[in-house]
Amino acid sequence: MKVTTAALPLLPLCQRFLPALPALPALPGLSALTGLSALTGLPGLPGRVTGLSMTLLKATALEAAILAGHVLLYPSGIVQERRCVPDPSRAISRDPEASSAPTAKLPARPRPPVVLLHGFIDNRSVFLLLRRSLAQHGRQVESLNYSPLTCDIRCAAELLGRHIEEICERTGSERVDVVGHSLGGLIARYYVQRLGGDLRVRTLVTLGTPHAGTRVIPLANAHPIVRQMRPGSAVIEDLARPAPGCRTQFVSFWSDLDRVMDPLETACLDHPDLTVRNVRVSGIGHLALPVHPAVATGIRQALDTPGPVPGTAAGGASGGLTVA
């Protein structure tokens, strides 16, 4: 009894990380304590705890491995990527004034370019595997680095807009697709909804993006960007405002083991004026979303089949993806 009573203060912490645990059974002398219920579901407890623990252990190990690999790759993504600009001197033209054009446009491609946008305190190196996957399937891929010193999501959204305009001018494409991880998805969404970016963005795919704000890591509030990602911030309120006639299709991937999202459902996009597919990913955490090959396949499918899913309303769910 003394051991059980001493462990009671740890119960909220255990339930925070192991939400599938049933309520603690009633024990003699403890019936007056709140939060202790009858002995129900105990026979199935070992199997459920074992399954949850193994899944959580695998996801945690994968997150740690990805983090270690990303630390090694991070320096390679600090500088902006090189832009592929054709050499006008090699173009064959009968117009003598054509060679004086500042930038020659590439022929328009049947599918729009894909722009990758990283998350908070990150850079384009996080998309190494996703970029390779998209390129192998015939997509032109470009990425944007915004400074880790950026202090305003709205300023980052304006930078993204200028970057997309430059890509459209250089490639001759009318529109682009965007894939944003975490904060990158929020920046891209602000550009689409509040800065007229729906004219340029055909499909926006978000990976673990706090669409309704996240409460995780309260001590990080010293950074202005983190405060803007909190529920009820001015940026989150702006994104909740009406967006009638928005032309962009949204696909939001969210993970049931994403501990950066608090609550987990904040990574689901729910807006009455937006056409959205919310895809639940089971078995991986936040860092694995832009890395896992199964998610990459889902992203390619989302980009190759734009438009609403039949029978899916705005903000509705659309299937799931189990990767573990």
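Predicted model: local features only at pLDDT ≥ 70, side-chain atom pairs only at ≥ 80, totals over all residues.
**Cavities**
- A cavity is a set of points, on a 1 Å grid over the protein atoms alone, where a 1.4 Å probe fits but cannot get out; lining residues have an atom within 4 Å of a point.
- Grid points are joined across faces, edges and corners, and a volume is the space filled by probe spheres set on the points.
- Two cavities of 30 Å³ or more are counted by this rule.
- The lining of the largest cavity includes His 118, Gly 119, Phe 120, Ile 121 and Asp 122.
- Tyr 146, Ser 147, Pro 148, Thr 150, Leu 183, His 223 and Ile 225 also line the largest cavity.
- That lining has six nonpolar, five polar and one charged residues (nonpolar: Ala, Val, Leu, Ile, Met, Phe, Trp, Tyr, Cys and Pro; charged: Asp, Glu, Lys and Arg; polar: the others, Gly among them).

**Largest pocket**
- A pocket is an open set of points with protein on both sides within 12 Å along at least five of seven lines.
- The largest pocket holds about 650 Å³ of space.
- Its lining has 30 residues, with Phe 120, Asp 122, His 181, His 286 and Leu 287 nearest the centre.
- By class, the pocket lining splits into 20 nonpolar, eight polar and two charged residues.
- α3 (45–73) and α4 (128–136) each supply at least two lining residues; α3 gives the most, with six.
- Helices (H or I, at least four residues) and strands (E, at least two) are DSSP runs, numbered from the N terminus.

**Helix packing**
- The axes of α5 (residues 153–171) and α6 (residues 183–194) come within 8 Å and cross at roughly 75°.
- α5 is therefore roughly perpendicular to α6 (65 to 115 degrees).
- Axes are lines fitted to C-alpha atoms, for helices over the stretch in contact, with angles from 0 to 180 degrees between N-to-C directions.
- The contact (heavy atoms within 4.5 Å) involves residues including Ile 153, Leu 160 and Ile 164 in α5, and Leu 183, Leu 186 and Tyr 190 in α6.
- Eleven nonpolar, one polar and two charged residues make up this contact.

**His 271**
- His 271 sits in the loop between β5 (249–255) and β6 (275–282).
- His 271 is buried, at 2% relative accessible area (buried: under 20%, 1.4 Å probe, protein chains only).
- His 271 and Leu 239 lie 32 residues apart in sequence and 8.9 Å apart in space, C-alpha to C-alpha.

Methods: Residues numbered from 1 in each chain as written. Heavy atoms only, no water. Parallel < 35°, antiparallel > 145°, perpendicular 65-115°, else oblique. Buried < 20%, exposed > 50% of the residue type's maximum accessible area, 1.4 Å probe, protein only.
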